[in-house]
Amino acid sequence: TLRQRAHGLGDIAALAKYRIYKTDWEQSTFNLSILGGLEFPTGETDSRDAGMRLPATLQVGSGSWDPIMAVAATLSLGRWRYDANTLYKVNTEGAQKYREGGFVAVEFDAKYRFWHTA
């Protein structure tokens, strides 16, 4: 029987972050940052099962160099903290002439610090 799955380390992404704006006021702060990076094709793209090469969507690696861009913001108001970020990854053509398409992620979250130390 065909398992149709691959095992191993997938592609690795490296990101760099640069804060472009920061302002502080009493017990509060606001930060705005940009991020950029690249996902490297380090994962296996030629996994086989029963002698047949698995489809590109089942490989652990993509075989493509994919740029990543993001914007992140943090607002701290006393014990409350709010975070928002948007990330976009351009998936370029990789192994087996496969192109997955772009990837967008948007995140919002809030936190309350019950125990806050200076």
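Start by selecting Arg113: at a relative accessible area of 27%, this residue counts as partly exposed, because that label covers values between 20% and 50%. Keep in mind as you click around that you're looking at a predicted model.

Where does Arg113 sit? Look in the segment after β7, the strand that covers 103-112.

Now show what surrounds the Arg113 side chain. Skipping neighbours within four places in sequence, Arg113 is in contact with Ser76, Gly78, Arg79, Trp80 and Arg81. Zoom in on Gly78 from that group: its backbone oxygen lies 3.2 Å from a polar atom of the Arg113 side chain.

Phe40 and Arg113 are 73 residues apart along the chain, and their C-alpha atoms are separated by 37 Å.

Next, go to the hairpin. Colour β1 (residues 12-25) and β2 (residues 28-40): these strands run antiparallel and are joined by 13 bridges. Two residues lie between the strands, and if you click on Gln27 in the turn you'll find a positive phi of about 55°.

Trp25 is partly exposed, with a relative accessible area of 42%.

Together they make a nonpolar surface patch of about 870 Å².

Methods
Residues numbered from 1 in each chain as written. Predicted model: local features only at pLDDT ≥ 70, side-chain atom pairs only at ≥ 80, totals over all residues. Heavy atoms only, no water. Pairing = 2+ DSSP bridges. Helix = DSSP H or I, 4+ residues; strand = E, 2+ residues; numbered from the N terminus. Buried < 20%, exposed > 50% of the residue type's maximum accessible area, 1.4 Å probe, protein only. Contact = heavy atoms within 4.5 Å. Polar contact = N/O pair within 3.5 Å; in protein donor to acceptor, adjacent residues only side chain to side chain. Patch = residues over 30% accessible without salt bridge, like charges linked within 9 Å, V, L, I, M, F, W, Y side chains within 5 Å. Areas by Shrake-Rupley, 256 points an atom, 1.4 Å probe, with all protein chains shown as cover. Salt bridge = Lys/Arg side-chain N within 4 Å of Asp/Glu carboxyl O.
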